[in-house]
Amino acid sequence: METTAPLLELHDVSKRFGGIQALSGIDFDVRPGEVHALVGENGAGKSTMMKILAGVIPDYEGQMAWKGRPVRLRNPRHALGLGIAMIHQELSVMPELTVAENIFLGRQPLAGGVVDWRRMFREAAAILEELGFGHINVREPLERYPLGVHQLAEIARALTSGAELIIMDEPTSALSPMETQHLLELTRGLAASGKSVVYISHFLEEVTWVSDRVTVLRDGQKIATLDADQTNKEELVQLMLGKKAAFIEESYLHGRAVQDAHAGARPVLELEGLTRPRLFEDVSFQLHAGEILGIYGLIGSGHFELGEAIYGLLRPSSGRIRLGGAPLGHGPRRAIDRGVAYVPPSRRTGLFLEKPIYQNISLPWLAKISGFVPNVRKEIEVADQVTRRVGVRPPDPLKEVAFLSGGNQQKVAISRWLVEPPKVFVVSEPTRGMDVGAKEEVMKILRELSEAGVGVLLISSEPETVLAASERVLVMAKGRIVREFVGETVTKEQLLAAAAGEMATAATAR
Amino acid sequence: MADKPQDTPNPPSRWRAFLVKSREYAPVWTLLALFLFFSVYSDSFLTWENMGNILNQVALLAIMGTGITFVLLTAQIDLSVSYMATLAGVVAAYYTAAHLPQPWPIVIALLVAAFLGWINGIGTAYLGIPSFMVTLAMSLIASGLSLWLTRGRILFDLPPLAETLGSGRIFGVKWLVIVAALTLLVGHLVLKYTRFGRYVYMTGANPKAAELAGVNTRAVITAVMVIAAVTAGLAGVVGIGRLGSATPTAFDGMLIDAIGAVVLGGTSLFGGVGGIPQTVVGLLILGVLRNGLDQVSVDIYMKTLITGIILLAALVFNILFAGRKEA
């Protein structure tokens with residue numbers, strides 16, 4: 001690519017939150033018609049940088065220039081006025097409104113003070129046509145369409161508002177492989193038509209495919225800006241991680257040998273034809289004591305709901321769950337008493353953020369730790385023991401969970417179940433949003449549990465997570481188990497292909 | 001910060017700590033300020049007799065407020081308490097007039113309240129009707145039952161126990177104040193020192209997380225609705241003793257004050273934060289304000305307006321600082 005005057009430039013930009021240096025001395029530029037990717041681990045500073053670009057954070061050090069002129073963005077509205085639009089990670093669409101309304105949200109064309117529906121529908125259809133999605137009916141409620149279209153509506157909204165620079169934050173994290181492909185092509189199309197895109201993603205294959213240049217951040221510093229066709233996934237991972245643990249690198253780069261070490265042993269958990277319409281269907285498998293069984297699926301595959309059903313949060317409409325040979329009753333209390341532990345995919349759901357650590361840990365065990373009157377001293381003692389075992393920092397059971405980092409919050413969620421070792425441990429997405437070090441620590445705890453004879457069910461939509469610890473992997477798609485990997489080397493690509501292949505056939509079968 | 005978790009510790013900033021502290025202590029400062037104000041501007045305010053009056057004036061609210069504290073802690077609300085109180089008073093008087101042996105009229109009155117509270121709980125926790133809707137309907141039912149039982153008349157036959165507790169004294173202290181203090185004390189002990197109390201706080205703080213930890217949150221919510229109804233019933237029973245009669249609308253007007261006192265004290269409308277000590281402070285704020293406005297020469301027709309403004313200010317404060325739950 002020839003060098004052109006940049007559309008947007010950052011010079012020596014730094015940002016500090018309290019005692020934490022989120023960004024230091026960043027130089028960054030986006031050229032017209034360029035897709036510039038931003039990669040880095042969680043906490044590397046991507047979010048902060050994106051927020052500065054979009055005007056969300058106005059108080060930073062350093063300079064920004066837009067089309068060669070110095071500018072200081074005051075707020076997102078100011079940024080939008082200049083032509084900088086942001087597509088959020090959590091979509092900001094209104095599913096109940098029509099596709100067209102979502103595209104023109106807050107800027108509906110008016111005629112005599114009322115919304116000019118015909119013009120809005122016409123213009124919305126025109127822009128979608130232009131983007132290559134002419135088959136979408138803009139008069140339908142957005143919720144009738146899959147997530148990919150929601151994303152599309154956001155992009156169309158950005159374009160119709162006159163954006164020249166579009167910031168996409170993890171745009172494909174919730175999309176199916178086909179939708180992802182569409183989005184990537186659309187992004188290239190935007191660049192070809194002269195728009196610029198800042199593309200933030202964890203998915204490095206996508207990044208190298210879609211972008212012209214890639215900037216790698218680590219610990220708030222810019223490590224490198226590379227031409228996308230001069231680099232590859234491996235190099236990016238190296239740059240992102242620096243000298244950090246080899247663990248995740250291995251599961252990013254290589255396959256992992258899985259084997260069925262427990263063939264013939266008595267299963268601790270058995271599922272037989274477990275079905276709950278529209279969530280999961282005819283799911284059967286066995287989990288052995290001391291085994292880590294991974295269940296991988298794309299978001300919406302029903303694997304998280306399966307975890308909820310095992311813990312008794314969801315009542316299956318048919319099928320059986322047996323624990324140690326005997327049927328497991330319904331409800332979390334029953335599950336806990338029978339030795340089933342569960343960590344939900346979202347920490348916000350499972351933890352009491354504004355309550356101290358010890359209360360978070362003791363709640364399922366109050367009746368056992370003490371009688372009718374909770375013995376706070378004993379609760380703190382128990383909490384102190386288990387949090388020290390998993391290494392919660394700071395090791396202060398009286399601290400509110402909200403004050404802990406994400407990784408430490410997750411350790412609290414897990415350590416609760418070490419008070420009385422479970423027989424079966426169902427963990428959903430245990431390492432989402434954590435840095436490499438914290439991920440490895442959580443995985444180590446799971447491995448130790450399995451070595452102590454606990455059957456671990458590791459449910460995730462991140463291939464790396466499943467591959468990092470599982471001895472056997474089941475792949476779910478559209479609520480069914482579509483593939484089992486045992487006794488072979490499994491790569492991330494194979495997992496994705498198994499989950500996505502079924503998606504494709506399921507889609508064509510309609 | 002966005003929902004995306006970052007693996008960096010969130011240091012407890014001084015500003016945040018200050019906000020939390022102000023939220024906790026603002027009601028106490030309010031109380032002290034009001035107390036000082038009235039002490040300075042009125043000769044008749046700061047006397048032992050008047051202090052006793054204040055306690056006496058808030059006693060019924062205190063009994064009712066104890067139950068409401070439980071309900072608010074689970075992030076629910078009960079709009080039927082004052083009507084429950086009226087109904088309990090009417091039932092107790094009705095069966096006394098019907099010559100049912102004592103203490104059965106009082107027992108029946110409390111059981112009726114408990115039953116209606118149980119329906120509130122079932123509707124909220126098991127049928128999923130928002131508690132303000134269920135209890136709104138229940139307030140009409142309770143009110144309707146009161147009217148039906150009395151045919152709109154005033155009942156003067158009261159249980160002797162209700163008369164004693166409502167207007168009697170022991171060692172110079174009003175029984176009413178003692179009953180109120182005991183109710184608050186029991187409520188406090190239950191909330192702070194029992195497993196059930198912990199479940200109440202945790203259910204309010206995050207119902208989903210409580211369920212995941214094996215807490216039967218539906219049973220907890222049902223229980224707090226029963227507790228609120230029973231304390232309201234108790235307020236009604238001793239209340240008729242204080243008034244000397246049972247009328248079909250006797251305590252209906254107490255609803256706003258009872259909920260207001262609890263919220264004024266700092267118990268969160270969003271659950272999980274607060275408690276009986278806060279409710280005591282809230283009751284005293286309301287009591288001092290009402291009483292004090294009588295002592296200074298304020299236009300009598302402005303009393304309600306001033307009380308309303310202070311209540312609104314407290315609510316705004318409550319909402320503003322509840323923001324920390326989202327943090």
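At what angle do helix α3 (residues 81-97) of chain B and helix α4 (residues 104-126) of chain B pack, and how far apart are their axes? Select the two helices, and the answer is an angle of about 150°, with the axes 8 Å apart.

Before going on, note that this is a predicted model, in which local features need pLDDT of at least 70 and side-chain atom pairs count only at pLDDT 80 or more, whereas totals for chains, interfaces and linings use all residues. Residues are numbered from 1 along each chain as its sequence is written, and chains are lettered from A and ligands numbered from 1 in the order in which they are written.

**Chain B: α3 and α4**

Helices (H or I, at least four residues) and strands (E, at least two) are DSSP runs, numbered from the N terminus. Axes are lines fitted to C-alpha atoms, for helices over the stretch in contact, and angles run from 0 to 180 degrees between N-to-C directions. The crossing of α3(B) and α4(B) is right-handed, a crossing being right-handed if the near helix is turned clockwise from the far one by less than a right angle, and left-handed if anticlockwise.

To see the contact, show the side chains of Met84(B), Leu87(B), Ala88(B), Val91(B), Ala92(B), Tyr95(B) and Thr96(B) in α3(B), and in α4(B) those of residues including Trp104(B), Pro105(B), Ile106(B) and Leu116(B). Two residues are in contact if their C-beta atoms, placed from the backbone, lie within 7 Å. By class, this contact of α3(B) with α4(B) holds 15 nonpolar residues, one polar residue and no charged residues, where Ala, Val, Leu, Ile, Met, Phe, Trp, Tyr, Cys and Pro count as nonpolar, Asp, Glu, Lys and Arg as charged, and the others, Gly among them, as polar.

His99(B) is exposed, with 9 other C-beta atoms within 10 Å; a residue is buried if 20 or more other C-beta atoms lie within 10 Å of its own, exposed if 12 or fewer, and partly exposed in between, with C-beta atoms placed from the backbone.

Move on to helix α11 (residues 255-265) and helix α12 (residues 276-295) of chain B, whose axes come within 6 Å and cross at roughly 120°. The two helices are therefore oblique to each other, given that angles under 35 degrees count as roughly parallel, over 145 as roughly antiparallel, 65 to 115 as roughly perpendicular and the rest as oblique. The crossing of α11(B) and α12(B) is right-handed. Residues of α11(B) in the contact include Asp257(B), Gly260(B) and Leu264(B), and among those they meet in α12(B) are Gln278(B), Gly282(B) and Leu286(B). The residues of this contact divide into nine nonpolar, five polar and one charged.

Stay with α12(B), which is mostly covered, since 16 of its 20 residues are buried. Its end C-alpha atoms are 28 Å apart, in agreement with the 28 Å that its 20 residues should span at 1.5 Å a residue; the expected span is 1.5 Å times one less than the number of residues.

Then pick Val316(B), in helix α13 (residues 303-322) of chain B, which is exposed, with 10 other C-beta atoms within 10 Å. A distance drawn from Val316(B) to Phe270(B), C-alpha to C-alpha, spans 13 Å, the two being 46 residues apart in sequence.

With the whole of chain B in view, there are 13 helices and two strands, and buried residues make up 51% of the 327 residues.

**Chain A**

In chain A, go to Asp12(A) in strand β1 (residues 8-17); this residue has a positive phi of about 55° although it is not a glycine, and it is exposed, with 11 other C-beta atoms within 10 Å.

Helix α1 (residues 46-53) of chain A is largely enclosed by the rest of the structure, since eight of its eight residues are buried, among them Lys46(A) and Lys51(A). Just after α1(A), Gly55(A) takes a positive phi of about 80°.

Pro394(A) sits in the loop between α15 (376-390) and α16 (406-415) of chain A, and the peptide bond from Arg393(A) to Pro394(A) is cis, with omega near 0°.

End at helix α17 (residues 436-451) of chain A, whose 16 residues reach 22 Å from first C-alpha to last, close to the 22 Å expected at 1.5 Å a residue. Its buried residues include Val436(A), Lys439(A), Met443(A) and Leu449(A), and α17(A) is followed by Gly453(A), whose phi is positive, near 100°.
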